[in-house]
Amino acid sequence: MKNIKVLLLYPPEQSWPGNVCKPNGSLAYPYLGGALRDIDVETYVYDACVGNHNDKLEDFFNKSTELPSGLLRTGVSDERILEVASKYNAVGLTSIFSQQETQVLNCARLIKKHYPEKLLFSGGVNAKSRSSIFFNAGFDIICTSESEVTIQNIVKVLQKDSRDFSSIGKIYFKNKNGKIINNSHFGDIIWDLDKLPIPAWDLLPNERYWKISRPHAGQIKPGTKLRYASIMTSRGCPWACSYCHIADETEDSKSGAIGRFRIKSDERVRKELHILKNEIGVKQVYIEDDSIFGMKKRAIRLLKSIVGLDLDLMDVNGINMVHLVKKSNIPGWMVPDEEVIELLSNVGFKEITVPFESGSPRIIKKWCSNKLPLEKFNPVDLIKTIKKYKINVASNYMIGFPDETREEIETTVNLAKKMFQYGVASNFSLVQPVPGTPIFDYCMKNGQMSKDYDPDKFQWMKANLINTSVPPNELERIRNKAWNDCNSEEFIKVRKSWVKSI
């Protein structure tokens, strides 16, 4: 059996001038690294944005270089990437986020040019949605679904000194004649999440992430010492919002029904939290579930079981307003679910990001799964109840939907201004119709995206659509003004300071 070594490579980051560069550090590689560790395969994670102990962070992280596109590249040199890659038989590059596509493809071309014998594989929503472009850049395999089992099967083929991947499902692969084979129609999906490998968080350059202290979300106060990591207690979501790839991850899709809501047991979650705290040295845990309260009774039971772990829990994605309210004595009217909010506080939640998404009932109904119409509860009561338990609150809003009017945008901004009066920070995003989502297909069909769009330029502060009711330049002005009007001077100052220093 041939000895195979695998490199999981985060490419350098690219960002718009004036924006904060945040290392990726997603959970993809800890899960894949854990899967390979389970079959005794040597695996290494290299984040080319921050390097490792052999790279001097101060030499490159705050010295970004301008790309021909005008975006800024942050990371180690191409020569350093080649030096690291030279030691491995196979190299994986995740492409979850569309705006990083160019850096993923650049790394692939670079490695394939110098080491044509190395197997290159990718996965993630962007890679599977734009597979032809990835194959043209030199990739040999594109994983089209969750890949813990897939990556094990790929390596087992390599261990036989073979490149015949015809027996592996949930992939596209290039055969020896250069033909692209579609095996996405079969393959295993893990329904019992307790069977997933324990994520190999130790493979990440955690100390570097903590030194930089730029997690991808959160209201971080100046001087806060972070020791953070991410965890998922479930996968999938009961909702199907137009801007989320989960809406298209159904039984008949190339991914299979991985959008279906699935959970880990309470015991498994506690085990992972103990590892993070006692083995990795983590203090702040970001819960990355798409919908942690997808089964509310389960979530309440789980949270009660982890009271007293002395960890600061930070929500990123998994809590919606509908999870924080309950039916009242008035038919059709909802009130804050104080039992749940108190529990979040007792468990260790220091912060909740509430996704209002829009102030327009029509927008919420058409584009956002109609999760909780605003006319059915008083958001001020909800915010006051959360703050009663000393949990910081931030809020998310999106503007620039394909058919959104100025009046509807104004309604959303006014809602944010009202929330700001109660100390709620606001995040405003311009709609990003990324490949693999229903809204992407809608916009392409209706002429609201250019056929030759550049996904690397998808950015939450930039207008990504054309032929919208409100012109793109105006949308950006509205977003920027709203962000400045609905956040504290201290918060704005911290965010701006991140652009210039580590």
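Q: How many salt bridges does the structure hold?
A: This is a predicted model. The structure holds 27 salt bridges.

Q: What does Lys128 pair with?
A: Lys128 forms a salt bridge with Glu249, and their closest N and O atoms are 3.0 Å apart. The two partners sit in distant parts of the chain, 121 residues apart. Lys128 belongs to helix 4, while Glu249 lies in the loop between strand 12 and strand 13.

Q: Are Lys128 and Glu249 buried or exposed?
A: Lys128 is buried, and so is Glu249.

Q: Which side chain meets Glu146 in a salt bridge?
A: Arg235 does, at 3.5 Å from N to O. Glu146 is in the loop between strand 8 and helix 6, and Arg235 is in strand 12, 89 residues away. Buried means under 20% relative accessible area. Arg235 has 8% relative accessibility, so Arg235 counts as buried.

Q: Where do Glu267 and Arg270 lie?
A: Both are in helix 8, 3 residues apart, about one turn of the helix. Arg270 is partly exposed, with a relative accessible area of 25%.

Q: Which residues do salt bridges with shared partners join into one network?
A: Glu146, Glu148, Arg235 and Arg262.

Q: At what angle do helix 8 and helix 9 pack?
A: The angle is about 40 degrees, with the axes 10 Å apart. That makes helix 8 oblique to helix 9. Their crossing is right-handed. Helix 8 contributes Asp266, Val269 and Arg270 to the contact; helix 9 contributes Arg298, Arg301, Leu302 and Ser305. These contact residues divide into 2 nonpolar, 1 polar and 4 charged.

Terms used:
Residues numbered from 1 in each chain as written. Predicted model: local features only at pLDDT ≥ 70, side-chain atom pairs only at ≥ 80, totals over all residues. Heavy atoms only, no water. Axes fitted to C-alpha atoms, helices over the stretch in contact; angles between N-to-C directions. Helix = DSSP H or I, 4+ residues; strand = E, 2+ residues; numbered from the N terminus. Parallel < 35°, antiparallel > 145°, perpendicular 65-115°, else oblique. Left-handed = near helix turned anticlockwise from the far one by under 90°. Contact = heavy atoms within 4.5 Å. Nonpolar A, V, L, I, M, F, W, Y, C, P; charged D, E, K, R; others polar. Salt bridge = Lys/Arg side-chain N within 4 Å of Asp/Glu carboxyl O. Buried < 20%, exposed > 50% of the residue type's maximum accessible area, 1.4 Å probe, protein only.
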